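Have a look at the sequence and the model first.

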Amino acid sequence: MLIGNRERFAMEMSPVAPSWQRRHGPERAAWAGLAIWANGLNLCRHVRSGEEEIRDVLHIPLAPIADWIVRNHAALAFQERAAAFSIGRRPHEALRAWGEAPPLHGLDEDRWLDAREAFWQGHFLAAGAEGSHVPNIAFVREDDDVVVTWRAPRFVAPPHAEMLHADGSTTAPWHEVNQVLLEFVGHVADAFKDANVPAPFPWMGRDRQAWDSFEPKHAVVLYCGRSLADVEALVGPVGPILDSLSHGDPGASPSLQIVRDLPPRPSASIGDEIQRTVELARTKDPSRSTAWLAGRAISSDAARAGTTPEEQGYLAARSIREDLELDGQPIESVSDLVTHYGVQLSQSRARSAQERMVVAGRLDGSAAATVLLTGRTERRWGRRFEEARALGHALLDTMRQGAFGAASTTWAQESRRRRSGAFAAELLLPSSALGALSDGALDGIAEGERFADILKRYGIGARTAAYQLHNHGWLSDTSIRDDLIEEYGYREG
């Protein structure tokens, strides 16, 4: 039985009848040979130690995995980030680093490790295997997609096996992955019913619509990565926010999307800036909305050809430059360009620590962004970059039920942050100009004061310029890139 699409995500089961006695409740039915497919690969394909035969399935009881899906469905659906540690798109590596890192300020070691264990329980398939051999797969949602990653498992009990597809990652649409998981749960429940054996888990006796039900306020906590009290301290009571959302999805709120991107200890003033920016985005302004949506159409069409967030950002920025007939020349006023595409831009006077910008948009309103006051944005190059990043978010971020929100921090959702950063870099310093600026020679930009000249002429920071040159093949080595950052970044103060 195949559930899903092997080229994106699927679970395939072939029933087996174990010859041994099955005393444990979850083992009394729904044994199967399991194959899990992602990006066209069978992640269960393996060779046992001492054998040459390639086996396509792992023979396991399915009920514990189905129970894990039901118990952790809210985490799979809404927990895009951990509360205490930056996970990003590499959950296996992040979980390992988390275990080796000292506790976050304000947490003792036990709470720190408990938080790590809770995240593992909610996102890693092995947490539901009850000792069965399964691939080491993690699922972390990111907007409308799920990042599915897998690493080589460690099987403690025999038989030991080598997985043929031990490491990899892909993305798949959330609605498809969710449908596969819930259909799998239904298949397991039916197997127990058909076998006429007692259901080992209470959810098997409930209506199937309850399997993916959730308490809306708990979903907010998972989505934002902080306590309900902390969320409400930033954006006010969540009850009215949830009442305005279809299906109670916290990801459909611009305010909660911004909160999701904040560090664990946000600046004291950030709540006021979030609420003010989101309120501006509620304002209906037909002319601004038309300009914004036209810019989104141009950018999204161009970005569609990109296979990574960086490529999507580069392509979208080039399409905007082409739309404005800018070619390779500098942008005199980034704020004017942002306004041209319908985004209302504000500058905050309240000082922030780790947050540099917030942006929000609504299809039934408009788009707005606020550049926050930090040591970085006090400088011309830093302010211009955040203005350009805000436009990148406004033109490229995924809409959840007609809304988006983002904050510029190191805790921001990784794909959005990488895409908007690449957009800003290409918008400010276009790759089409790099050849002439380098005098047509590899490492030519490092000669004399050429690098300093482009920083001033294009109003861009040393780090962004050096990475842009290196990423597009005009610097031969990372050491040259880093030397330019060290020398000219120091000059910037």
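Arg-45 is partly exposed because its relative accessibility is 30%, where partly exposed is the band between buried (under 20% relative accessible area) and exposed (over 50%), using a 1.4 Å probe and protein chains only. Asp-56 also counts as partly exposed, at 38% relative accessible area. Arg-45 and Asp-56 make a salt bridge, with 2.7 Å between the closest N and O atoms. Here a salt bridge is a side-chain nitrogen of Lys or Arg within 4 Å of a carboxyl oxygen of Asp or Glu. Arg-45 sits in the loop between strand E4 (41–42) and E5, and Asp-56 in the loop between E6 and strand E7 (58–61), so the pair ties together parts eleven residues apart in sequence.

Before going on, some ground rules: this is a predicted model, in which local features need pLDDT of at least 70 and side-chain atom pairs count only at pLDDT 80 or more, while totals for chains, interfaces and linings use all residues. Residues are numbered from 1 along each chain as its sequence is written, and side-chain values use heavy atoms, with hydrogens and water left out.

How many salt bridges does the structure hold? The count is 33. One of them joins Arg-400 and Asp-249, at 3.1 Å from N to O. Arg-400 is in the loop between helix H14 (380–396) and strand E15 (403–407), and Asp-249 in the loop between helix H8 (238–243) and helix H9 (254–260), so this pair links parts 151 residues apart in sequence. Arg-400 is buried at 3% relative accessibility, and Asp-249 is buried at 11%.

Arg-416 and Asp-397 form another salt bridge, at 3.4 Å from N to O. Arg-416 belongs to helix H15 (residues 414–428) and Asp-397 to the loop between H14 and E15, so the pair ties together parts 19 residues apart in sequence. Both of these residues are buried. Salt bridges with shared partners connect Glu-80, Asp-143, Asp-249, Arg-260, Asp-261, Asp-397, Arg-400, Arg-416 and Arg-419 into one network.

## Strands and sheets

Helices (H or I, at least four residues) and strands (E, at least two) are DSSP runs numbered from the N terminus, and two strands pair if DSSP finds at least two bridges between them. Strand E8 (residues 136–142) runs antiparallel to E9, with seven bridges joining them; Asn-136 stands opposite Arg-151 in E9. E8 and E9 make a hairpin with two residues between them, and Asp-143 in the turn has a positive phi of about 60°. Asp-143 is also among the members of the salt-bridge network.

What pairs with E9 over six bridges? That's strand E11 (residues 168–173), again in the antiparallel sense, and Val-147 stands opposite Thr-171 in E11. Strand E9 (residues 145–151) is mostly covered, with six of its seven residues buried.

There's also an open sheet of three strands, in the order E6-E5-E10, with antiparallel pairing. Its edge strands are E6 (54–55) and E10 (161–163), each pairing on one side only. Strand E5 (residues 46–48) pairs with E10 over three bridges, and Arg-48 stands opposite Ala-161 in E10.

## One more loop

Ala-441 lies in the loop between helix H16 (434–437) and helix H17 (450–458). Ala-441 is partly exposed, at 33% relative accessibility. Ala-441 and Leu-475 are 34 residues apart in sequence and 9.3 Å apart in space, C-alpha to C-alpha.
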